[in-house]
Amino acid sequence: MKSFAEKLTGLRKERGLTQATVAKDLGVSLGIICFWEANKSDPTATNVAKVARYFNVSADFLLGIDDAE
């Protein structure tokens with residue numbers, strides 16, 4: 001099962017986005033995106049919801065509860 005970090009990184013790269021672009025679009029710092037992708041910190045529930053809406057996937061998918069996009 002992939003971690004949130006792996007899923008976020010994969011979704012971002014699939015869409016050809018930079019960490020800086022995703023950070024700006026989500027209204028978080030670049031450092032936060034870096035920490036999430038490095039699996040050094042976990043996003044809040046609010047930020048999981050933002051990421052899910054941004055990439056048009058479910059929060060369950062991001063959290064590994066349901067692996068179907």
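Phenylalanine 55 has a relative accessible area of 1% and is therefore buried, a term that denotes under 20% relative accessible area, with exposed meaning over 50% and partly exposed in between (1.4 Å probe, protein chains only). The structure is a predicted model, in which local features need pLDDT of at least 70 and side-chain atom pairs count only at pLDDT 80 or more, whereas totals for chains, interfaces and linings use all residues. Residues are numbered from 1 along each chain as its sequence is written, and side-chain values use heavy atoms, with hydrogens and water left out.

Two aromatic pairs are present in the structure. Rings of Phe, Tyr and Trp (its six-membered ring) are taken to pair if their centres lie within 6.5 Å; planes under 30 degrees apart count as stacked, over 60 as edge-to-face and the rest as tilted. Phenylalanine 4 and tryptophan 36 form an edge-to-face pair, with 6.1 Å from centre to centre and 85° between the planes. This pair links distant parts of the chain, since phenylalanine 4 belongs to helix 1 and tryptophan 36 to helix 3 (residues 30-37), 32 residues apart. Helices (H or I, at least four residues) and strands (E, at least two) are DSSP runs, numbered from the N terminus. Phenylalanine 4 is buried, at 10% relative accessibility, and tryptophan 36 is buried as well, at 2%. An edge-to-face pair is also formed by tyrosine 54 and phenylalanine 55, because their ring centres are 4.8 Å apart and their planes stand at 85°. Tyrosine 54, with a relative accessible area of 27%, is partly exposed.

Arginine 12 lies in helix 1 (residues 4-14) and counts as buried, at 9% relative accessibility. Its side chain makes a polar contact with the side chain of glutamate 37 at 2.6 Å; such a contact is a pair of N or O atoms within 3.5 Å, where within protein one must be able to donate a hydrogen and the other to accept it, and residues adjacent in sequence count only if both atoms are side-chain atoms. Not counting residues up to four places away in sequence, arginine 12 touches Leu17, Thr18, Gln19, Val22, Glu37 and Phe55, contact meaning heavy atoms within 4.5 Å.

Aspartate 66 is located in the segment after helix 5 (59-63) and is partly exposed, at 37% relative accessibility.
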